[in-house]
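Subject: Structure for you to look at

Hello,

Here is the structure I said I would pass on. Please open it beside this email and follow along.

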Amino acid sequence: MAASRKAKSGADNTEAYDVIIAGGGFAGGTLALALAKLAPKSFRVALVDAAPRDSGLAARKDARGLALSAATQSLLEAIGLWAGLAPNAQAISSIEITDSPLNASLRPHFLGFDEEMTGRAPRAHLVEAGALLTAISQAVVSETAIDVLAPDSVDDYETDAFGVRARLASGKTLQAPLLVAADGKRSRLRERAGIKSIGWSYPQVGIVATVAHERPHHGKAVQHFLPAGPFAILPLKGNRSSIVWTEDKARGETLMAGDEDAFVAELTRRFGHRLGAITLEGPRQSFPLELQIARSFVADRIALIGDAAHAVHPLAGQGLNIGMRDVAALTETIVEALRLGLDIGSRTMLERYQRWRRFDSAFSATVMDGLNRLFSNDNVPLRAIRDLGLGLVDRAPGLKRFLVREAAGGTGTVPRLLKGEAL
Ligand SMILES: Cc1cc2nc3c(=O)[nH]c(=O)nc-3n(C[C@H](O)[C@H](O)[C@H](O)COP(=O)(O)OP(=O)(O)OC[C@H]3O[C@@H](n4cnc5c(N)ncnc54)[C@H](O)[C@@H]3O)c2cc1C
């Protein structure tokens, strides 16, 4: 099955690989590394990314702080990335959830996770998006089993009984038994494969920024459910936090276009004064928010991973964690197929991956969507009901421990790489 490194097949200069990955972002880059480390030695990966290699996937300005689950941490450990990230990763040691109108003088605590997160409980960590992308891009470039083709993109492909031939914008042609679409939310390959998505755009934007504050956060993450949408304060290393501010679209656009003082004043109204005075550190950015689930995660010799397969509301910081579950499941499926001498792009192999991942992703997307709908409004009777619900959860330690395990990626059929087990 394994192709020889950069083997040329025939007169048309087609380069042969074992897998072609379109998209070298978080999901595609991590899959390339996982396969390079865990598949047999001769396995060759072509990683094609639309962004230039030197300015770097890594050098892109991304103001997000990403909450990585304990399961994602296990995957990053297995591929040798976690040790480099750990010194700047902030563990989340407790979570507080509030639900109140914006002008409420007090934001009563409705639900908290504190003792459920101590001891051996799996912890999430906050990592800056730029740091994670830098780590991934440096590792893929130095991995001899991976050829990075960037800036370039997979423009088109065709399949036959033996494999897939991908045509790149540069004019190159690659062939392999399997093509993985990791080309993000607006996946061109998903469209080319004729796979439709179910979903909708939210009338909200996600504003992100890093803030410095006077007092320490002690690892506490805070989620204020406000009428326009959830406002999250996520602890970074030092006296710094990452905010994910879901705001009504028109209002969000006005805030982004306005001057910094006005932005910080509005930010402070939501952030509160618990951590002292705040200042902006770095740029503010806003992201359109969508729910999107591909109707199929596979097509003939194609597998979709990451945002190409599913995009979810960021209110629980789960989008990339769900994508990392795809990476772990697809790696396990491919490595096992290789051991049995099977075709890694066969329908059977792809169906196994799809059965593993599609229901779980759709379930997570639906839960995020439901929470956003339930909380992003100012309906007084609805607030009373949901606050009663939060209060009941707060008094049910067993349920809280389950929720912590679920958020950590420790429930359901978990791929071995996410449990810290060898393949
Ligand atoms: C405000 C906000 C906050 C978030 N916070 C969190 C969080 O705390 N925790 C979490 O787990 N998730 C979070 N997410 C979700 C997370 O950011 C995404 O799930 C993640 O970025 C998806 O990674 P990806 O690699 O699938 O796609 P992308 O990051 O979009 O990467 C796609 C890659 O494909 C390349 N590409 C595109 N087209 C082609 C082509 N034709 N050929 C080759 N290459 C191509 C692009 O250059 C890019 O490198 C958040 C999202 C938002 C919007």
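This is a predicted model: local features need pLDDT of at least 70, side-chain atom pairs count only at pLDDT 80 or more; totals for chains, interfaces and linings use all residues.

The ligand

How many residues surround the ligand? The count is 29, and the closest are Asp49, Arg64, Ala67, Asp307 and Leu320. Sorted by class, the shell around the ligand holds 13 nonpolar, ten polar and six charged residues.

Several backbone atoms of the protein come up to polar atoms of the ligand. For glycine 23, a backbone N or O atom is 3.4 Å from a nitrogen atom of the ligand. For valine 154, a backbone N or O atom lies 3.2 Å from a nitrogen atom of the ligand. Alanine 27 has a polar backbone atom 2.9 Å from an oxygen atom of the ligand. The ligand exposes 1,000 Å² when taken alone, and the protein buries 88% of that. Which elements give two or more residues to the shell around the ligand? They are helix 1 (26-38), strand 5 (65-68) and helix 9 (319-339).

The sheet

Strands of a sheet pair through backbone hydrogen bonds, and the pairing can be parallel or antiparallel. In this model, six strands form an open sheet with mixed pairing, in the order 10-4-3-14-21-20. At the edges are strand 10 (146-149) and strand 20 (298-299), each of which pairs on one side only.

Isoleucine 21 has valine 180 in strand 14 as its bridge partner.

Helix 1, already named for its part in the shell around the ligand, also lies across strands of this sheet.

Two places in the loops

The peptide bond from alanine 150 to proline 151 is cis, with omega near -5°. Where is proline 151? Look in the loop between strand 10 and strand 11 (154-159).

The other place is histidine 218, which is not a glycine but has a positive phi of about 55°. Histidine 218 sits in the loop between strand 15 (197-213) and strand 16 (220-226).

Regards

Technical notes. Residues are numbered from 1 along each chain as its sequence is written. Side-chain values use heavy atoms; hydrogens and water are left out. A residue is near a molecule or strand if one of its heavy atoms lies within 4 Å of it. A polar contact is a pair of N or O atoms within 3.5 Å; within protein, one must be able to donate a hydrogen and the other to accept it, and residues adjacent in sequence count only if both atoms are side-chain atoms. Accessible areas come from the Shrake-Rupley method with a 1.4 Å probe; for residues, only the protein chains shown count as cover. Helices (H or I, at least four residues) and strands (E, at least two) are DSSP runs, numbered from the N terminus. Ala, Val, Leu, Ile, Met, Phe, Trp, Tyr, Cys and Pro count as nonpolar, Asp, Glu, Lys and Arg as charged, and the others, Gly among them, as polar. Two strands pair if DSSP finds at least two bridges between them.
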